[in-house]
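Please look through the structure shown here. Some questions and answers about it follow.

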Amino acid sequence: TKSGLEVKKWVYRLVEVRKLEGRAHGPAFCNAQGNPSRLSDYEPDFLDRIQAVQSMNSNLIAEDIVVHQDYGLSRSHRRGSTSEARARGVKDTVVKAMNRWRDWENAK
């Protein structure tokens, strides 16, 4: 990836952890019953970690930002993908259309 993240390595590690847990099949991210996890299941821990980063270095996340109010996983993904698309020259009309896909799907 452009970021240098070693996706293959981490996918293999995830598969190995799931095997050790006795889950060779099914969703990669699931609850104890084996049901698929939702992004919101991870949000409290994620935001706590972001808040810890803010506490350690306010140059990364300004002190006036209230992490648990201003951030959220679904919003963070959309913001990140929008920023990346714009940086790569994707037209605003396309970016806006991609950010509305769920509205279109739910309208069916």
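# Questions and answers on the predicted model

From the N terminus on, the protein chain of this predicted model runs α-α-α-α-α-α.

Q: How many helices and how many strands does the protein chain have?
A: The order of elements along the protein chain reads α-α-α-α-α-α from the N terminus. The count for the protein chain is zero strands and six helices.

Q: What share of the residues of the protein chain counts as buried?
A: A residue is buried when its relative accessible area is under 20%. The protein chain has 108 residues, and the share of them that counts as buried is 11%.

Q: Among contacts between residues at least 6 apart in sequence, what share joins residues at least 24 apart?
A: A contact means heavy atoms within 4.5 Å. Among the contacts in the protein chain that join residues at least 6 apart in sequence, the share joining residues at least 24 apart is 20%.

Q: Is Arg 18 buried or exposed?
A: Arg 18 is placed in helix 1. With residues up to four places away in sequence left out, Arg 18 touches Arg 23, Ala 24, Pro 27, Ala 28, Phe 29 and Cys 30. The relative accessibility of Arg 18 is 15%. The limit for this class is under 20%, so Arg 18 counts as buried.

Q: Which residue lies over the face of Trp 10?
A: Trp 10 is found in helix 1 and is partly exposed, at 45% relative accessibility. At 4.6 Å from the ring centre, the residue lying over the face of Trp 10 is Arg 13.

Q: What is the area of the nonpolar surface patch that includes Trp 10?
A: Trp 10 counts as partly exposed. The nonpolar surface patch is made by Trp 10 together with Leu 5, Val 7, Val 11 and Val 15. Its area is about 450 Å².

Q: Why is the pair of Phe 29 and Tyr 42 edge-to-face?
A: The structure holds one aromatic pair. The ring centres of Phe 29 and Tyr 42 are 6.3 Å apart, and the planes stand at 85°. Ring centres within 6.5 Å make a pair, and planes over 60 degrees apart count as edge-to-face. The angle of the planes of Phe 29 and Tyr 42 is therefore the reason, at 85°.

Q: Which parts does the pair of Phe 29 and Tyr 42 tie together?
A: Phe 29 is partly exposed at a relative accessible area of 49%, and Tyr 42 is partly exposed at 35%. The two parts are 13 residues apart in sequence. Phe 29 lies in the loop between helix 1 (7–20) and helix 2 (39–56), while Tyr 42 lies in helix 2, so the pair ties together that loop and helix 2.

Q: How many salt bridges does a search of the whole structure find?
A: Side chains of opposite charge can pair when their charged atoms come close. Among the salt bridges is that of Glu 6 with Lys 9, with the closest N and O atoms 3.8 Å apart. The search of the whole structure finds four.

Q: With which residue does Glu 16 form a salt bridge?
A: Glu 16 is partly exposed, at 45% relative accessibility. The closest N and O atoms are 3.7 Å apart, and the partner of Glu 16 is Lys 19.

Q: Is Arg 38 buried or exposed?
A: Arg 38 forms a salt bridge with Asp 41, where the closest N and O atoms are 3.7 Å apart. Asp 41 counts as partly exposed, at 39% relative accessibility. For Arg 38 the relative accessibility is 57%. The limit is over 50%, so Arg 38 counts as exposed.

Q: How far apart in space are Gly 26 and Pro 36, C-alpha to C-alpha?
A: Gly 26 is placed in the loop between helix 1 and helix 2 and is exposed, with a relative accessible area of 60%. Gly 26 and Pro 36 are 10 residues apart in sequence. From C-alpha to C-alpha, their separation in space is 8.4 Å.

Q: What distance separates the C-alpha atoms of Asp 48 and His 68?
A: Asp 48 is found in helix 2 and counts as partly exposed, at 41% relative accessibility. Asp 48 and His 68 are 20 residues apart along the chain. Their C-alpha atoms are separated by 8.0 Å.

Notes:
Residues numbered from 1 in each chain as written. Predicted model: local features only at pLDDT ≥ 70, side-chain atom pairs only at ≥ 80, totals over all residues. Heavy atoms only, no water. Phe/Tyr/Trp six-rings, centres within 6.5 Å; stacked < 30°, edge-to-face > 60°. Helix = DSSP H or I, 4+ residues; strand = E, 2+ residues; numbered from the N terminus. Buried < 20%, exposed > 50% of the residue type's maximum accessible area, 1.4 Å probe, protein only. Lys NZ or Arg CZ within 6 Å of the ring centre and 35° of its normal. Patch = residues over 30% accessible without salt bridge, like charges linked within 9 Å, V, L, I, M, F, W, Y side chains within 5 Å. Areas by Shrake-Rupley, 256 points an atom, 1.4 Å probe, with all protein chains shown as cover. Salt bridge = Lys/Arg side-chain N within 4 Å of Asp/Glu carboxyl O.
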